[in-house]
Structures are given as structure tokens and as C-alpha cells.
Amino acid sequence: MDYNFSEIEQKWQAEWEKNGTYRVSNKSDKQPFYVLDMFPYPSGAGLHVGHPLGYIASDIYSRYKRQKGFNVLHPMGFDAYGLPAEQYAIQTGQHPEVTTNKNIKRYIEQLRKIGFCYDWDREVRTCDPNFYKWTQWAFLQMFNSYYDSALQKARPISELIAKWEANDPTWKTLSEKEQQERLMNYRIAYLSDTKVNWCPALGTVLANDEVSEGLSVRGGYPVEQRVMRQWSLRVSAYAARLLEGLDRVDWTESLKETQRNWIGRSEGAEMQFAVKGQDEPFTIFTTRADTVFGVTFMVLAPESEYVQRVVTDEQRAEVEAYLDRCKHRTERERIADRRVTGVFTGSYAINPLTNGEIPIYISDYVLAGYGTGAIMAVPAHDSRDYAFAKHFNLPIIPLIEGADVSEASFDAKEGKMMNSGFLNGMEVPDAIQAMKEYITNTGIGRVKVNYRLRDAIFSRQRYWGEPFPIYYKDGMPYAIPEDKLPLELPEVKEFKSTNGQPPLANAKDWTYEGHPLELCTMPGFAGSSAYYLRYMDPHNDKALVDKDVNAYWRQVNLYIGGTEHATGHLIYSRFWNKFLFDLGYVCEDEPFKKLINQGMIQGRSNFVYRYIGEGATGNLYISYNLIEQPEYKDKVQPIHVDVNIVHNDVLDITAFRNWMPEFRNAEFVFADGTSYDDNPYLAGPKQYICGCAIEKMSKSMFNVVNPDDVIAQYGADTLRLYEMFLGPLEMSKPWDTNGIDGVHRFLKKLWNLYETISNEEPTKDELRSLHKLIKKVTWDIENFSFNTSIPAFMIAVNELGKCNKRAILETIAILIAPFAPHIAEEMWHRCGHGTTVCDAEWPECNEAYLVEDNQNYPIQFNGKVRFTLSLPKTMSKEDVEKNVMADEQTTKYLAGNTPKKVIVVPGRIVNIVM
RNA sequence: GCCGCGGUGGUGGAAUCGGUAGACACGAAGGACUUAAAAUCCUUUGGCCAGUGAUGGCUGUGCGGGUUCAAGUCCCGCCCGCGGUACCA
């Protein structure tokens with residue numbers, strides 16, 4: 001009986017669909033369990049073999065949980081708005097909706113073939129009006145809310161207005177426009193003039209997490225700073241809660257640490273410095289209040305509002321020139337160029353402790369967006385200040401005993417203070433504390449916590465995104481009533497921005513009751529911030545998610561996805577969820593209880609080596625094993641070859657010649673050094689060995705492996721098993737098809753056991769093998785160690801030999817069902833069952849079968865194992881020792897020595913120390 | 001620079017609580033079946049040394065120390081690779 005995987009897989013995929021096997025109900029007596037994959041952006045290239053890694057893992061877990069008796073929600077959908085589809089539209093004129101839907105269709109086909117247990121009735125697409133209605137709705141909630149810092153939660157803005165109406169006499173005197181302007185400072189979704197990351201190539205602004213080292217993460221285009229009027233989300237208001245919440249979720253430490261760094265809590269003090277000859281002081285933020293005695297200059301960010309106040313007439317021209325220069329540098333240039341720059345303002349500040357006069361400078365090493373945009377510079381103990389002081393020849397006053405600041409600053413927060421008035425002799429941490437108390441008591445400043453986390457810029461000057469449900473009256477934004485949602489994305493003639501206006505300016509009649517609508521659309525993270533809630537109740541047109549339904553599923557129990565979303569999506573959706581929690585729309589304030597990052601699957605490229613030495617014809621290729629030989633060394637050129645025409649690093653000659661016209665007449669020097677491939681009388685096949693390298697999986701490297709091809713050749717079950725077999729889920733690893741045969745062979749071997757099934761009683765050994773397997777696989781799945789389960793199955797099948805007993809085979813079908821659902825279903829039915837294996841109860845391990853009468857004790861001498869001794873498991877420590885010492889082999893290895901000590905660990909090991 | 005993760009045979013990897021390092025698989029070598037090939041099955045396979053041989057010995061988890069009866073695993077100091085982040089005061 002052949003293992004006809006494609007027949008089996010197609011049959012069961014059709015059956016499951018017909019029977020609605022994977023449909024999930026919101027009404028169940030079972031305990032709920034929610035397993036979620038990060039939904040994909042449907043790119044034009046389709047899925048490659050790296051994408052399903054996390055999906056397979058979550059699918060295994062979902063199926064396992066279902067067999068354990070849970071009601072498992074395991075949905076899939078598409079993050080369908082985004083830049084690539086729109087860039088493609090600009091180039092080709094094809095509507096992004098058309099290409100997006102086409103890509104989604106392809107993705108669904110590919111996903112279906114792998115046999116996932118998704119409930120497709122719950123599929124969501126962020127670009128679907130029925131979906132983005134709720135994205136817009138959430139935005140309106142944010143627009144109509146403010147963050148109450150006393151309560152530490154979002155409240156309806158109407159409460160704030162009511163408060164002002166009752167307590168603030170000026171409120172009523174304001175015009176409507178003035179009132180709106182004031183409210184804008186409080187709304188959670190607000191419009192403001194902000195310094196934004198502008199990407200000219202993409203024609204849009206980007207959020208901080210979409211920029212890396214001055215380049216856009218998507219596409220790698222330069223990004224520059226610009227002040228623009230943009231929508232932002234007040235994520236920073238949630239900084240403290242986003243930080244605190246990390247202690248209550250089960251994520252990896254590294255991911256939590258990345259988020260903590262991104263949020264960047266820093267405890268310090270704000271201090272006032274008077275300006276000589278002026279009434280108004282200015283405020284700086286520092287974490288080293290203890291170093292005030294060493295301040296030798298002050299620095300303002302170029303964009304600081306203090307700049308214009310302190311610049312003197314004599315210095316004005318020089319300052320303006322410097323500001324102008326800063327403005328024209330892109331973020332990237334600033335990062336690349338670490339040379340010290342700056343300019344003196346002409347003014348002096350007064351040190352509040354020493355009353356000394358200190359010059360005020362402007363430099364772009366101080367950031368406007370952090371703290372107060374102004375610092376006190378302590379060159380002796382801050383490396384940036386040190387570099388600046390050296391460059392401008394400013395004094396450096398060491399404050400810590402023994403610190404040598406002749407070559408570099410001493411940044412560490414340790415040591416004894418000196419040159420510091422009343423702080424002298426204190427240890428640094430104590431000095432920081434003492435200074436904080438001092439400035440609080442004297443009113444010079446106050447203790448302050450700062451966060452690095454900024455508000456998220458929420459406008460995009462692009463077409464393919466959610467329209468804002470906002471119109472403008474008198475220059476002020478107003479919300480479209482909720483019952484008018486969704487505000488559908490209009491058709492445009494041109495997807496490109498024209499005359500500096502976003503593409504929506506090209507839409508006909510883009511107005512609401514005669515008022516112009518917002519022209520920007522929302523960013524990619526808008527649609528992905530609450531999609532997990534929508535899966536709970538995807539067809540509800542009254543609410544994002546029904547309260548009872550939300551109360552049933554509560555939160556995502558297991559979330560699997562890539563680590564690249566650590567600072568974007570995973571911050572935004574936590575923020576979004578907390579906001580909805582504040583307003584009482586959801587019942588949990590953290591959306592993802594447990595989170596696992598699957599590793600990346602890298603590509604494994606193959607090369608052929610074209611001979612370019614003397615007499616080269618350009619179509620001779622040297623086998624990889626020969627290229628180091630003298631006649632070929634340094635005379636070959638590696639050329640990427642499509643990995644799909646290479647098997648176990650051996651090139652398919654015919655396929656290679658047909659691959660591209662330039663290889664049509666390719667000649668080879670084979671592994672054995674000969675060059676004839678068409679002589680059937682020569683012994684053995686001629687093999688051309690390819691070289692290999694681990695690189696990113698990409699079209700240009702010809703190393704993309706498509707799951708469809710793997711499925712066609714080996715079947716989905718082999719693909720699923722092999723992806724897990726490759727290594728630990730969380731580790732990055734190259735896709736290397738060498739080895740997939742082993743997994744496929746195992747499935748065949750397993751399959752053959754089910755040819756004729758007997759009702760014979762299993763033996764003790766068979767039961768032991770089975771229950772060992774149950775124990776191992778259960779432990780593995782609970783601990784997400786899927787890679788170790790596959791060998792466990794292999795070992796069990798090897799141990800069982802030709803066993804065909806129903807009692808054993810039935811259970812194995814259940815055990816392997818999460819991993820290889822198609823073959824499991826077929827085997828389950830062969831055992832005589834009529835219902836799906838998905839609902840077959842997960843077996844319990846019976847420890848009684850595992851108990852072995854004897855224990856094989858390794859006997860060590862001075863820690864080296866010399867032999868093993870089989871002794872009864874129940875034997876006491878003393879008896880084990882007696883038996884070991886009485887053994888003739890022990891006498892041999894003791895060689896007349898008297899043991900100093902004998903260590904017996906019952907059930908484990910014996911070590912004799914001589 | 002800082003933070004995180006990792007380094008085990010020719011390869012992917014296993015060793016879950018400090019207790020027989022290299023499970024399982026790939027590849028390779030040899031063999032069986034076959035006219036031949038594919039498929040399948042069997043044997044060997046970390047390195048070095050000794051022995052005709054069953055076998056025995058030494059060595060071995062990036063490097064150097066340490067703790068321990070016992071270290072891939074724990075501690076200290078380095079080296080290398082990968083990922084993230086970077087004037088955050």
C-alpha cells in the first residue's frame with residue numbers, strides 16, 4: 001500500500017471543509033483558548049517556506065488544545081493595507097485593491113494546502129469596509145477621549161468639558177475655535193504641528209518604529225525631519241502602564257527588554273536655571289542631579305523654544321546660520337556625521353548652586369523631543385558633553401575622587417563625590433538622592449520621570465489606507481457621526497500625490513456635508529492594532545466585539561509571530577487595547593498573554609562555478625569539490641543557481657541547461673574530474689556538486705523555496721513535520737532540504753503499519769513505547785519543543801517494528817494528528833472511526849507502563865564511566881553500593897586502590913572516588 | 001558603545017533538575033535485493049591511538065580559569081557569530 005499523500009491530503013481538506021470541522025462557536029461549555037498568528041501582509045511574491053513556520057507551530061498547539069477539550073479560536077486574516085501594493089499601483093496603474101485581492105487569494109490557496117485548522121468564516125481583511133469601520137470607530141473614540149493623569153486612564157472628553165464648564169470661567173469666554181484648539185491638547189488622537197519623519201521617496205511621514213538609522217524600514221529610503229501638521233496618538237500617556245504591563249505577560253525576556261528600552265523610563269530631576277539678565281528661567285532634565293557642581297556650560301537643542309529667547313544680537317547671525325544648517329541635514333547625515341558641532345548663544349545661565357555664570361550653547365546632540373530639549377552639561381562625567389567641551393575648549397571639573405578625566409569622561413555612577421559642596425564625600429547614589437531632596441526643598445526643581453516613548457504619528461500621505469472619519473470646518477477637525485461609518489475609501493484617478501497634496505485630493509467630491517474631508521489615511525499599524533478582537537466576533541455590525549463574546553474569549557492566550565514587531569505592532573496594539581479597556585469595551589488590559597517569536601528561516605543558496613581561467617569558453621562549469629585544486633583555484637566565478645534544480649547539492653544537469661538560455665550548452669567538470677555526462681557505459685552517475693551559502697531568502701539569490709513545490713513533491717504533512725524538525729521554533733535557521741527525505745521516509749514507514757490492523761493485545765514493551773511517546777509528545781507540545789517530538793515519533797515507530805495492533809496504532813494517530821493532520825485522519829479512519837481525529841481525546845500517559853524493573857547504572861571511577869550495571873530499580877542506596885563494590889569489574893578498575901568515597905544517586909548513577 | 005540571543009561530529013540538531021555527550025535525521029562508506037536503476041532493507045560512521053579480533057585506552061561541547069564526587073549545563077574573565085538599538089542627558 002503506497003503512501004499516496006496528495007490523494008489523502010486533498011480528500012481530507014475537502015472533507016474538513018464540507019463538514020465545517022474547523023468552525024468555532026462563541027457559545028460553548030468548554031473552556032476557551034485563543035491561539036493567534038500575526039496575520040500576514042499579502043505580498044505579490046506569495047508565501048515562501050519561511051512564512052508557515054510560526055503558523056505550523058500555532059496549528060499544532062491549537063489542535064492539541066482542542067484534543068485536550070478546549071474550545072479553540074484559531075483564526076487567520078490579512079493585513080491588507082500597505083505601501084507595496086500602492087507603490088505597485090503607482091508604477092502599473094493597477095488598483096491596489098485588485099492586486100491585494102489577487103495576492104490574498106493566492107495566500108489562501110497556499111495556506112489551505114498546508115492543512116491549517118483555521119476557521120475561515122472568521123477571516124478579516126483590514127481593507128474591508130466592514131473591518132475598517134471599527135478601525136475608524138476606534139479612532140473616533142480616541143479623538144473623543146483624553147487621558148486623565150490623576151486616574152491614569154482614558155476618559156470621554158465630554159467629562160473634561162463638563163469639568164471646565166463647571167470650574168474654569170475662561171472656558172465659556174472662548175470662541176468655538178479656541179475651545180477646539182484647547183481640546184486638541186488633550187485628545188488621545190490629536191492634530192498638531194510636530195517634527196515628523198518625512199520620507200520624500202515614499203511621499204509620506206513615518207512613525208519612529210518605521211525608521212531605522214535614518215532610513216525607512218520599508219524600502220530603505222532616506223528620511224528627513226520636517227515640521228508638519230499631523231495626526232498623532234497619545235501613546236506616551238500610556239508609557240508607565242505599557243511598562244508595568246510587561247510584568248504581567250508571559251513573553252520572552254529579550255522581547256520585554258526590547259520594549260522596556262523602547263519605552264525608555266528614566267528617573268531624574270527637572271531643574272530651573274536662571275538666565276543672566278532675564279526674568280524667566282529655563283528648565284532642564286537630568287538623571288545626574290548630583291553633578292550640578294560640575295556644570296560648565298548649557299546646551300539647547302536647535303529646535304528648542306528657548307533658543308530665540310537667549311540668543312543675543314551679536315550672536316544672532318551665527319546662530320541662524322547654524323540652525324539653518326541643522327534643518328537641512330537629514331537624520332541619516334546627522335547619524336553618519338558624529339563630528340561635534342554647535343554655536344554659542346551669547347547668553348549665560350546661572351548655576352543655582354554655585355551662582356557661577358555658565359555659557360549657553362546650541363548643539364544638535366541635544367534632542368528637542370526628549371526631556372525639555374535642554375541640558376546642563378557636565379563634561380567630566382558625560383562623554384557627549386566631554387567631546388563638546390574639548391572641541392570648544394570649555395572647562396572640565398572632575399567631581400568624583402580618583403576619576404581621571406584627562407583623556408575621557410568618567411560616566412559611571414559610582415565613587416565618592418568631591419568639588420561638590422555639601423555632597424562631598426558621599427557615594428554617587430546617595431548624592432543623587434541628597435540633591436533631589438535639596439532641589440525639591442529649595443524649589444529649584446522637582447523629581448521627574450521621563451520616557452523615551454513618543455506619540456505615534458498617525459497620518460500618512462498615501463492612498464491605500466483607512467480614511468480618517470474627520471472633516472474640517474473653520475480649519476478645525478470634527479468627527480463624522482459614528483452611524484455614518486464606515487467612511488469608505490474613494491476612487492481616485494491617480495494614486496500618486498499631486499501638487500504636494502495626498503492622493504485623496506484627487507478624489508471627486510471628497511467632502512462631508514459640504515466640508516472637506518481629511519486627505520491623509522491611517523498608517524499600516526492602524527488596522528493591525530485590534531484585529532485580534534475582531535476575530536472574536538467578526539460579523540458583528542453593532543460593535544467591534546460584543547461584550548459577552550469578549551468576556552468569553554477575553555484575550556489571546558498564545559500569540560506567535562516575528563520579533564520584527566517588537567517595537568511597532570506590539571506597542572501599538574497594547575496601547576490600543578489598554579485604551580479600549582479604559583473605556584470599558586474590552587475586559588483585559590493586556591491583549592496577548594503569552595507570546596512566542598518564531599525564528600527566521602533563512603535561505604540556502606547554491607552556486608555553480610564558471611571557469612574563467614585560460615582558454616575559458618564561458619560555458620564550462622567546475623564541480624564544487626574541485627575548485628580548490630591548482631588548475632581551477634581563483635579561476636572560477638560563483639554563480640547563483642536556482643535551488644529548486646539542485647537536490648542535496650547535486651545539480652540537475654538537464655534542468656540547469658533548460659533554466660536560462662545562457663546555460664543551454666553548458667559543459668561540466670564533474671565531481672570525479674571527468675567531463676562526459678552522456679556515456680551510459682561509464683560506471684555510476686556523473687554528479688556536479690554545487691557550493692552553498694546561507695543568505696536571506698530572496699528572489700535575487702534564487703534560493704526561494706515555495707511550499708507548494710514541497711507539498712507537490714512530499715505532501716503537506718511532510719512539510720509540516722520537516723519545518724518543525726529543522727530545529728527549535730525560536731531559533732533562526734536556514735531552509736535546507738537535505739534531510740526532508742528522512743522525515744518523508746518516516747511517514748511512509750508509519751503509514752505501512754496501518755495496512756492491516758489487528759485486534760491483538762499489545763505487549764508490555766509495545767505499551768511502554770507508546771506511553772513513553774505520549775509522555776514525551778505531551779511535554780514537548782506544552783513546552784513548544786516541537787522539534788524534539790518528531791524524533792520521539794521516529795523512535796517509537798522504530799521500537800514498534802511491525803506492530804499493527806489497533807490499541808497502539810489508534811493512539812499514535814491521535815498523537816500525531818496535531819503535527820500531520822491528514823495522514824492522522826486517514827489512519828484514524830482506517831482504525832474504524834467515523835468522526836474526525838481532531839475531536840479524539842488526547843491520551844494520558846500511564847506511568848505504570850514506564851516502570852522498568854531494572855536500572856542501568858553507569859559506574860564511574862573518578863567521574864569516568866567504565867561500565868554499566870543493571871540493578872533492580874527498587875534497590876536501596878546501600879544495596880546498590882554493596883552490589884557495585886562486589887562486582888568483579890569494580891575490582892579490576894579499583895586496581896588495588898581503596899575507594900575514598902562512593903557516591904550513589906539512586907536511579908541515576910554511581911561514582912567511585914579513589 | 002549598550003541590550004538580548006547563540007557557539008556541541010562532515011550537516012541540522014538532542015541531552016527537560018548538575019548525573020552514560022553526540023538521541024533522531026541527513027550525508028558519506030560498505031553490503032543485500034535487481035540485467036540495471038529507482039525504491040526498500042542491513043552494517044559502520046566525533047577525533048586519535050593500540051589490537052587479527054570481540055574490545056581497550058586517551059581525547060572531546062568556542063578559549064582560559066573556578067566550584068563540584070560529577071560541568072555542554074553553575075560561577076568569573078575573554079573570543080567569535082547573529083539580532084535589536086543608538087547622541088534619550
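Helices (H or I, at least four residues) and strands (E, at least two) are DSSP runs, numbered from the N terminus. You're looking at a predicted model, where local features need pLDDT of at least 70, side-chain atom pairs count only at pLDDT 80 or more, and totals for chains, interfaces and linings use all residues. Residues are numbered from 1 along each chain as its sequence is written, chains are lettered from A and ligands numbered from 1 in the order in which they are written, and side-chain values use heavy atoms, with hydrogens and water left out.

Stay on N355 for a moment. Its phi is near 60°, a positive value in a residue other than glycine. With 57% relative accessibility, N355 counts as exposed (over 50%; buried is under 20% and partly exposed in between, using a 1.4 Å probe and protein chains only).

Next, pick Q152, in the loop between β3 (145–148) and β4 (153–156). Phi of Q152 is near 60°, again positive in a residue that isn't glycine. Q152 has 33% relative accessibility, so it counts as partly exposed.

Now jump to P486, in the loop between β19 (476–479) and β20 (511–512). Check the peptide bond from L485 to P486: it's cis, with omega near 0°.

Last stop: show α10 (residues 253–263) and α19 (residues 569–582), which pack at about 75° with axes 11 Å apart. Axes are lines fitted to C-alpha atoms, for helices over the stretch in contact, and angles run from 0 to 180 degrees between N-to-C directions.
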